[in-house]
Amino acid sequence: MNYERITQKLSILADAAKYDVSCSSSGSKRSNPDKKLGDSSGMGICHSYTEDGRCVSLLKILLTNYCIFDCAYCVSRRSNDIQRAAFTVEEVVDLTINFYRRNYIEGLFLSSGIFKNADYTMERLVRVAKTLRLEHGFNGYIHLKTIPGASEELLREAGLYADRLSVNIEIPTDDGLKKLAPEKKRDEMTTPMQHISTGIVASKEERKVIRSAPAFAPAGLSSQMVIGATGESDLEIMQTADNLYQHYQLKRVYYSGYVPISNDQRLPGLGSPVPMLREHRLYQTDWLMRFYGFQMQEILHPEYRNLDLALDPKTGWALQNLHLFPVDVNRADREMLLRVPGIGHKSVDKIVAARRFRSLTFEHLQKMGVSMSRARYFLLCQDKNEVLRRAPGDRTQLRNVLIRQAHSKYRSALVQQGSLFDQADETTGLSATAVPDLHHLFADSL
Amino acid sequence: MSTLEYDGSFEGFLTAIFDCYAQKKTDVRIRNACASTTTLFGTNIRVRTDTEKSNRVWEGLKKRTTKEAARQFYCNFLSELPDFEDHLLEYARYVFASREDVSRDFSHPAVLRTAQVARMVGREKHRMEAFVRFQLSGEIYHASIHPDYNVLPLIGPHFKSRYADQRWFIWDEARHYGLLYDLEHLQVVHETPEETQADTARTSDYARLWKTYFQSTNITERRNMKLHVQHVPYRYWKYLCEKQPL
């Protein structure tokens, strides 16, 4: 191994791959029956975290950052004057195996700039995965990025060796895509998604009958879009995501806050802040859709196009739907408990298990780990806690109380943006710690 | 109050629980003989580890609860937290006094505590599966760890199935014992193999490449050290080659 050369390539090609946010390494059932190398049957493991707080689970690199495309939002675009490099198939295989053996990684995430043409590039990516699986008996996790426009045969082969395939949708709106990546076509993204999705469904069916049939991308299909680059609304972003979940059975959609990389007039300039808080709220919304039984339309709709940055989207939804609260902890069904702000899956499990034994009180919930600072305004317990019965007056007032109580890590970011409190708050004069004494909000439901 | 002293083993601890019942003791506590300090008041009774007794307690626990509850019970034992014996004794008493399975009665303090501690131990187990960094000396991959709880017995199977075709060794620096995998079996050892003691100071090329990767994959515009440290607490840094000056 030429150490200096590899070091240089690694730093260039890891740097170019870092804007791909997926780091998931779970969901595959690849075990190690023949006592070779690797096992991805358990849950994913984050082996480290970068100084930006993101998890490092996979060796995430580009095969090359040479690219024939010129997408405005991408560092590897043709017109950008940067150092270029390319790994050989053997070099990627060697790094993967040796990092894996030292317990640095769960596996490989391999993407690439597009050189020559789509199929030529895709063929190389597939060859890396194939070599790892067939020549090295590698059972670690492999995530392959598919190249827009790659042939169906290559996608099929990719799915046989990779655990996960991904197709980036890049920009949430069609208009935005036309503006920033005029050479890319939407259907060059959706067509492979359709092929892969069909392949996954077919393989699952087949494996129900013949257990030894080969798995096709067992950890599913995922996608990513850049947010905050084209002035799109949260509604548009989540509509696109919802569409992907509904039509292509995606496992995950990733939202990547745009990191300014150029002074292109079409994009936010260098030095503009990365929309990290917005990104966080979008992920929360995504979680509500996938794990909390929410429909996208309940959270965002044409009259409510953007999420409330100051509050999590579940609390935002609850504020829009105060007529459904308070919820009785000792009687409500799972579905409704999951919709209470401050209660997550773990708490719901505990509540449902524990209330068989005795009626639960405010204190029980607190000890179980329910976030009572939010939940208290939406709950009824056995001891009919006074606070619960006296929720603040109207929606605006309750919103402001909730914001004041939240010790949000984003507080400083919000204050700078001047959007923390609604104007109405100026007149209420509530202090940060006072529990407001306002009876009438839930009057109808009590 | 009397104190039952056991030998520090899980079987010894279960035997002590058995003895509490057999001797109809109520005002009692259980302590590890190796760790306990002599008390001024009350009597100390040495428990003789007896696998027949310990099996009865263990089978009884499993019969009255679930496999998951038994796992949580064992995790609490491995936590080595102060007074964990008292909590587990209280938990066992509640389980044995109830007709139905109470292992999910999270409104009961002993049950909730057991579940919470098991979760803490589970988190540490997961961290060790993440933070072990092997280095290769001769033909053995080896690493040292310093876990908050005694999780070595829990992480063995994970590494065994993952690294089935390489010899490896993990040493717990806090508790002075290790796990050795020889391509066939896992074994507990109390001394580090000789070949792992050589050239530990030399950093391998792959460790340096890993650090290169770790730095290149960071997005400086999104720097968030608070989050970084939350996920990778300072106490683990000395075992992570990417956090070392190379």
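Biologist: How many cavities of 30 Å³ or more turn up in the whole structure?

Modeller: This is a predicted model, and a search of the whole structure finds nine cavities of 30 Å³ or more.

Biologist: How much space lies in the largest cavity, and which residues are closest to its centre?

Modeller: The largest cavity holds about 620 Å³ of space; 34 residues line it, and those closest to its centre are Asp20(A), Tyr73(A), Cys74(A), Asn168(A) and Glu170(A).

Biologist: Which strands each supply at least two residues of that lining?

Modeller: In chain A, β7, which spans 221-227, and β8, which spans 252-257, each supply at least two residues of the lining of the largest cavity, and β7(A) gives the most, with three residues.

Biologist: And what is that lining like by class?

Modeller: The lining of the largest cavity has 20 nonpolar residues, together with nine polar and five charged ones.

Biologist: What about the second largest cavity, how much space is in there?

Modeller: About 50 Å³ of space lies in the second largest cavity, and its lining has three nonpolar, five polar and three charged residues.

Biologist: Which residues line the second largest cavity?

Modeller: The lining includes Ser25(A), Asp39(A), Ser40(A), Met43(A), Tyr100(A), Glu106(A) and Tyr141(A) from chain A, as well as Arg162(B) from chain B.

Biologist: Changing topic, how many disulfides does the structure hold?

Modeller: The structure holds zero disulfides over all chains. Cys71(A), for instance, is in no disulfide, and the nearest cysteine sulfur, which belongs to Cys74(A), is 6.2 Å away, whereas a disulfide would need the two sulfur atoms within 2.5 Å.

Biologist: Is Cys71(A) buried or exposed?

Modeller: Cys71(A) is buried, since its relative accessible area is 5% and the cut-off for buried is under 20%.

Biologist: Last topic, chain A as a whole: how many helices and strands, and what share of its residues count as buried?

Modeller: Chain A has 18 helices and 10 strands, and 59% of its 446 residues count as buried. Its accessible surface comes to about 18900 Å², with 49% of that belonging to carbon and sulfur atoms. Among the contacts in chain A between residues at least 6 apart in sequence, 66% join residues at least 24 apart.

Definitions and conventions:
Residues numbered from 1 in each chain as written. Chains lettered and ligands numbered in written order. Predicted model: local features only at pLDDT ≥ 70, side-chain atom pairs only at ≥ 80, totals over all residues. Heavy atoms only, no water. Helix = DSSP H or I, 4+ residues; strand = E, 2+ residues; numbered from the N terminus. Buried < 20%, exposed > 50% of the residue type's maximum accessible area, 1.4 Å probe, protein only. Contact = heavy atoms within 4.5 Å. Areas by Shrake-Rupley, 256 points an atom, 1.4 Å probe, with all protein chains shown as cover. 1 Å grid on protein atoms, 1.4 Å probe; cavity = no way out; pocket = protein on both sides within 12 Å on 5 of 7 lines; lining within 4 Å. Points joined across faces, edges and corners; volume = space filled by probe spheres on them. Nonpolar A, V, L, I, M, F, W, Y, C, P; charged D, E, K, R; others polar.
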